[in-house]
Amino acid sequence: KEKLDYKISVLRRFASTEEQNNWFIASDKPVLNQHLSPTIIRNNNLHINAPFGLGKVLNTGRIDTQVLVSSCREKLLKENKLIENDFDYGTLKAAKSDFQYQNIVSKNIVFAEGYGVKQNPFFNKLPLKQSKGELLMISSTELKLDYVLKSDIFILPLGNDLYSVGSTYEWKDDTNKITQKAREELEFKLNKVINCSYKVENQVAGVRPTVIDRRPLVGNHQHFNNMYVLNGLGTRGVMIGPYVAKALYNFIENGIPLDDEINIDRFNKN
């Protein structure tokens, strides 16, 4: 009973005629023509720098992940199905047919920890890398953007003249601390795209769990058949999450094999 799914257009800002041509070629392919409009849209927002026009991605929207997470947390707490504590791997006891953790006995256990899986003694050998990203929240009464603008950054309208601007990629820093370097990078790129005044209202940082082959990490442990991992969703977690979660459920409950491209066996065999 919460609104989570907001339909909103995504427009790609072309930086050159070459990018226009690449868009036309892509939109003509059978696998992509249902997602990319072949028509170049003329920019009519005086505060957007887009002399080469815009390309529209079809059937797009955004999920309000903050409301999604908070609502799910509230529901699970009410149903006594969520324990908000750090997980202690040392107290997990594995038997042949089940697991015991403190006062909980379970047939299966799934680790879905994001980058935290690097501290997991059961799955820390998986080739997961951190990719830190930072976002700015800005306010502008002039911009009046009613679609998501995608360039080498994105500008996402949040309502009430607020916008999310991102994102950066940092491969060495694995903290959630915001940095001046990222703010300067985002503002530099933003100033190339828009030409109106704005105010930075907030800055946030997070660490993405990415994989060397840019595919998720899903499957069961080599030695504990009822121990599973669901991870490595990178920058596409909102889109990939439902698919891989369902695939893992069907693997556990119905014996339906996992796709080779997401199965962690692709690394265990090497």
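Helices (H or I, at least four residues) and strands (E, at least two) are DSSP runs, numbered from the N terminus. The structure is a predicted model, in which local features need pLDDT of at least 70 and side-chain atom pairs count only at pLDDT 80 or more, while totals for chains, interfaces and linings use all residues. Residues are numbered from 1 along each chain as its sequence is written, and side-chain values use heavy atoms, with hydrogens and water left out.

**Salt bridges**

Side chains of opposite charge can pair when their charged atoms come close. With a salt bridge taken as a side-chain nitrogen of Lys or Arg within 4 Å of a carboxyl oxygen of Asp or Glu, the count comes to 13 salt bridges.

| Pair | Closest N and O atoms |
|---|---|
| Glu74 and Lys78 | 3.5 Å |
| Glu185 and Lys189 | 3.2 Å |

Where buried means under 20% relative accessible area, exposed over 50%, and partly exposed in between (1.4 Å probe, protein chains only), Lys132 is buried at 1%, and Asp173 is partly exposed at 23%.

Glu185 and Lys189 are four residues apart in helix α3, which means that about one helical turn separates them; Glu185 is partly exposed, with a relative accessible area of 29%. In helix α2, Glu74 and Lys78 are likewise four residues apart and separated by about one helical turn, with Glu74 partly exposed at 45% and Lys78 exposed at 67%. A network of salt bridges also links Lys75, Glu79 and Lys81.

**A surface patch and a pocket**

Helix α2 (residues 65-78) also holds Leu68, which is partly exposed at 31% relative accessibility. Together with Ile63, Val69 and Val238, Leu68 makes a nonpolar surface patch of about 290 Å²; patch residues have over 30% relative accessible area and no salt bridge, and nonpolar side chains (Val, Leu, Ile, Met, Phe, Trp, Tyr) are joined within 5 Å.

The second largest pocket has a volume of about 160 Å³, a pocket being an open set of points on a 1 Å grid where a 1.4 Å probe fits, with protein on both sides within 12 Å along at least five of seven lines, and lining residues having an atom within 4 Å of a point. Among its lining residues are Pro121, Phe122, Lys125, His221 and Asn268, and the lining divides into five nonpolar, five polar and one charged.

Technical notes:
Patches are made of residues with over 30% relative accessible area and no salt bridge: like charges are joined within 9 Å, nonpolar side chains (Val, Leu, Ile, Met, Phe, Trp, Tyr) within 5 Å. Accessible areas come from the Shrake-Rupley method with a 1.4 Å probe; for residues, only the protein chains shown count as cover. Grid points are joined across faces, edges and corners, and a volume is the space filled by probe spheres set on the points. Ala, Val, Leu, Ile, Met, Phe, Trp, Tyr, Cys and Pro count as nonpolar, Asp, Glu, Lys and Arg as charged, and the others, Gly among them, as polar.
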